[in-house]
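Here is a short briefing on one protein chain. Keep the sequence and the 3D view open as you read.

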Amino acid sequence: MRRIPAVLATALTATSLLSTPALAQPARNGGAQVIKGQATLYELQSGGGNCSYPSPPAGDLYVALSPGEYAAAAACGGYLDVTGPKGTVRVKVVDQCPECQARHVDLSRAAFARVADPGKGLVGVTYRPLANPRVGRPLSFRVKEGSSQWWLALLVIDHGNPLTSVEVKTTGGTWRKLARADYNYWIAESGVGQGPFTVRVTDARGHRVTANRVRLSPAAIQRSTTKMY
């Protein structure tokens, strides 16, 4: 896990504890429940957290969730609006906070500073999952290192809502469902051939789109022209 854990104390420091508002503006909230909880702050040590994104979102506005809310990576790539004493910030789910209890969100330092004085370390907040946030970019894909025609791990980036399904079309024309790992890659244990692949992505709000010509090129970020909504 690439994170510095939260510390639930008033002596919390800066190094203990998806995108800028321009890239993720308010959209339909779908009547999402407002949750009352608490927030701490932390900083990623490297990379994009347990969700395996190659880098933090622009502006370093991100959040780690408790194990129950992280839900074995089911929450990855979604967005929350978090409100505290100073205001509201929009953050992308990129990480898990193993020591956090339910309704405890672990914010980046930049995000925490939008809602409270970072010197406080622990504050009461409310937060709400968002429906259809505007991410402003089409889907990207990353094939994990070690992938081959016999084993494939695929990361989907910039989808906005949490995902429920990723499928790859086989050479026979049928759709093969991939299994999500708790580090947010979608896995075909026996592979699906040499590619390029046609990939079908479904999110938690029922949007389903297809992206073509995803290459078997490990570690490369492949930007498509397909948006989720």
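How do the residues of the lining of the second largest pocket divide into nonpolar, polar and charged? They divide into 12 nonpolar, 2 polar and 2 charged. Keep in mind that this is a predicted model. The chain has 229 residues, and 49% of them count as buried. Its secondary structure comprises 2 helices and 15 strands.

**The second largest pocket**

- The space in the second largest pocket is about 220 Å³.
- The lining of this pocket has 16 residues, and the closest to its centre are Ala-75, Tyr-79, Leu-80, Pro-129 and Pro-162.
- Strands β3 and β6 each give at least two residues to the lining of the second largest pocket.
- In general, empty space is found by rolling a probe the size of a water molecule over the atoms.

**The surface**

- The protein chain exposes about 9,900 Å².

- The structure holds 7 salt bridges.
- One of them joins the side chains of Arg-128 and Asp-81, at 3.6 Å from N to O.
- Arg-128 belongs to strand β6 (residues 123-129) and Asp-81 to strand β3 (residues 79-84), so this pair ties together parts that are 47 residues apart in sequence.
- Are these two partners buried or exposed? Arg-128 is partly exposed, at 22% relative accessibility. Asp-81 is buried, at 12% relative accessible area.

- Glu-145 and Arg-142 form a salt bridge, with their closest N and O atoms 2.5 Å apart.
- Within this pair, Glu-145 is partly exposed, with a relative accessible area of 40%. Arg-142 is buried, with a relative accessible area of 13%.
- Arg-200 and Glu-167 form another salt bridge, and their closest N and O atoms are 3.0 Å apart.
- Arg-200 sits in strand β13 (residues 197-203) and Glu-167 in strand β9 (residues 163-169), so the pair ties together parts that are 33 residues apart in sequence.
- Arg-200 counts as buried, at 17% relative accessibility. Glu-167 counts as buried too, at 4% relative accessibility.

**Strand β13 and its partners**

- Where does β13 stand on burial, mostly covered or mostly open? Strand β13 is mostly covered, with 6 of its 7 residues buried.
- Strands β9 and β13 pair in the antiparallel sense, over 5 bridges.
- Across that pairing, Val-168 stands opposite Val-199 of β13.
- Strand β13 also runs antiparallel to strand β14 (residues 208-214), and 5 bridges join the two.
- Here Val-199 stands opposite Ala-211 in β14.
- As a rule, side chains in a regular strand alternate between the two faces of the sheet.
- The hairpin of β13 and β14 has 4 residues between the strands. In this hairpin, Gly-206 takes a positive phi near 90°.

**Backbone points to look up**

- Which two residues does a cis peptide bond join? The bond joins Gly-195 and Pro-196, with omega at about 0°.
- Pro-196 is placed in the loop between β12 (186-188) and β13.
- Ala-71 is not a glycine, yet its phi is positive, at about 55°.
- Find Ala-71 in the loop between α1 (67-70) and β3. Ala-71 is partly exposed, with a relative accessible area of 34%.
- Asn-132 is not a glycine either, and has a positive phi of about 55°.
- Look for Asn-132 in the loop between β6 and β7 (140-143). Asn-132 counts as buried, at 10% relative accessibility.

How values were computed. Residues numbered from 1 in each chain as written. Predicted model: local features only at pLDDT ≥ 70, side-chain atom pairs only at ≥ 80, totals over all residues. Heavy atoms only, no water. Salt bridge = Lys/Arg side-chain N within 4 Å of Asp/Glu carboxyl O. Buried < 20%, exposed > 50% of the residue type's maximum accessible area, 1.4 Å probe, protein only. Areas by Shrake-Rupley, 256 points an atom, 1.4 Å probe, with all protein chains shown as cover. 1 Å grid on protein atoms, 1.4 Å probe; cavity = no way out; pocket = protein on both sides within 12 Å on 5 of 7 lines; lining within 4 Å. Points joined across faces, edges and corners; volume = space filled by probe spheres on them. Nonpolar A, V, L, I, M, F, W, Y, C, P; charged D, E, K, R; others polar. Pairing = 2+ DSSP bridges.
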